[in-house]
Amino acid sequence: MEITAIDNSCTYGEADIFRGWLRFKNPTLAEYQWPLCEIRGSSPGPKLCISAGVHVNEVSAIEAAVRLQHLFDPQSIRGVVSIIPLINQPALYRYSEYVCPIDGKNINHTFPGRPNGTFSEALCDAIVNEWTLGSNCYVDMHGGDLREQVSKFVLYQKTNDKEFDEQARRLAMCFDSEVVLGLPQSYLDRPGRPPTAFARGHRVALMSEAGSNGLADEDTISFHVNGVLNIARTMGILNSPAFPYRNARLICDDYVWVHSPVDGEFHPEIEPGCQVDEGQRLGSFRNLFGETLAEIDAPSSGLVLWRITHPSIPRGEPVLAIAVEEPISNLLTDQM
């Protein structure tokens, strides 16, 4: 990595607050640089990496990453907190939903990437193997693109290692979320989100989700900020009381997407955060004459994580997602 400090910054690697720019070594990424804030304590300790802006319209997460830069005091923390507030640099000021405009890929579903791949693949590889190298936890903050409403939830990746899974779940529980979702082990077999890619290397990564329609609201920003601060306290970076929890944090172990069966205007009968039963009607699709074209039902019981808010949805595109609650027997087994 090539690091360049701005005027009011310490030298990179000193016990203080570094602010500057990061360039990755991969030539595919050479035209871009990333804003980097790294707070290094005077005492050794864990390393926590934090990012936002994989999807540039998810502005509450980006604002949370900006605020977090000012909430760690190098005189009182142990270890290192490293923050990149906006990952998808090519999409900045283009407002493209979900994808990187250079290669049309969704960075969030491209981890762990490839060093000799497209821009998004090279970027994911650089995040995994350069910037976050040596980190004890990586938190990628998301939520609420231009056409979606998202409940408060956190993702971690489940493996066949119970000790690793418990560590990841414990950190995920630091967020005051409605749902903590452990992605099934089957996700490990394909490219995907940071929690999946990092778990393959026995490293912990989390994704926090909250927000709505590309808007920055204080409740959502605070959800991300307080969750990350609680992680820092749990890791021993901060020595202060945890922020209190208000939500029950339902534990789930599957993530079911529901797609549109037709081209049409979606009229929902549920909202994010709602509990639904298998077979329950979720909404209907109508044409521009108001005629019903199709209905969609819940493929399983669970909690609605997010839904698309713009009514016009083409055939085959995602409409919403449901988190499936983990059986009580599994939770009891994990705690034994």
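**Ground rules**

I worked on a predicted model, where local features need pLDDT of at least 70, side-chain atom pairs count only at pLDDT 80 or more, and totals for chains, interfaces and linings use all residues. Residues are numbered from 1 along each chain as its sequence is written, and side-chain values use heavy atoms, with hydrogens and water left out.

Pairing here asks for at least two DSSP bridges between two strands. The sheet is open, holds four strands and has the order E14-E13-E11-E16, with antiparallel pairing. Strand E14 (292-297) and strand E16 (312-313) are at the edges with a single partner strand each, so one side of each has no neighbour in the sheet.

I then looked at one of the pairings, that of E11 (residues 264-268) with E16, which is antiparallel and has two bridges. Which residue of E16 stands opposite glutamate 265? I found serine 312 there.

How many residues of E15 are buried? The strand spans residues 302-308, and seven of its seven residues are buried (buried means under 20% relative accessible area, exposed over 50%, partly exposed in between, with a 1.4 Å probe and protein chains only).

- Strand E7 (residues 148-157) pairs with E15 over three bridges, and glutamine 149 has arginine 307 in E15 as its bridge partner.
- Strand E12 (residues 275-276) is joined to E15 by two bridges, and glutamine 275 faces leucine 303 in E15.
- Strand E17 (residues 318-325) pairs with E15 over four bridges, and tryptophan 306 has alanine 321 in E17 as its bridge partner.

**Entry: helix H3**

Next I went to H3 (residues 162-172), where the buried residues are Phe164, Asp165, Ala168, Arg169, Leu171 and Ala172. They lie on the same side of H3, because they cover an arc of only 160° around the axis (the arc is that of the directions from the helix axis to the C-beta atoms). As a reminder to myself, an α-helix has 3.6 residues a turn, so residues three or four places apart point the same way.

The exposed residues Lys162 and Glu163 sit on the face turned away from the buried side of H3. At the start of H3, I found a side-chain oxygen of aspartate 161 within 3.0 Å of the backbone nitrogen of glutamate 163.

**Entry: a nonpolar patch**

What forms the nonpolar patch on the surface? I noted Leu92, Tyr93, Tyr95 and Leu146, with about 450 Å² of accessible area together. Patch members have over 30% relative accessible area and no salt bridge; like charges are joined within 9 Å, and nonpolar side chains (Val, Leu, Ile, Met, Phe, Trp, Tyr) within 5 Å. The areas come from the Shrake-Rupley method with a 1.4 Å probe, and for residues only the protein chains shown count as cover.

I looked up tyrosine 95 separately: it is in the loop between strand E5 (78-84) and helix H2 (119-131), and tyrosine 95 is exposed at a relative accessible area of 53%.

**Entry: salt bridges**

My search of the whole structure gave 13 salt bridges (a side-chain nitrogen of Lys or Arg within 4 Å of a carboxyl oxygen of Asp or Glu).

Within helix H1 (residues 59-68), arginine 67 and glutamate 63 are four residues apart, about one turn of the helix. Their closest N and O atoms are 2.8 Å apart. Arginine 67 is partly exposed at 30%, and glutamate 63 is partly exposed at 28%.

Aspartate 219 and lysine 152 form a salt bridge at 2.6 Å, N to O. This pair links distant parts of the chain, 67 residues apart, with aspartate 219 in helix H5 (residues 218-235) and lysine 152 in strand E7. Aspartate 219 is partly exposed at 39%, whereas lysine 152 is buried at 18%. I also noted a network of salt bridges linking Lys152, Asp176, Asp219 and Arg246.

Arginine 169 lies in helix H3 and glutamate 326 in the loop between E17 and helix H6 (328-335), so the pair ties together parts 157 residues apart in sequence. Arginine 169 is buried at 8% relative accessibility, and glutamate 326 is buried at 2%.

Conventions:
Polar contact = N/O pair within 3.5 Å; in protein donor to acceptor, adjacent residues only side chain to side chain.
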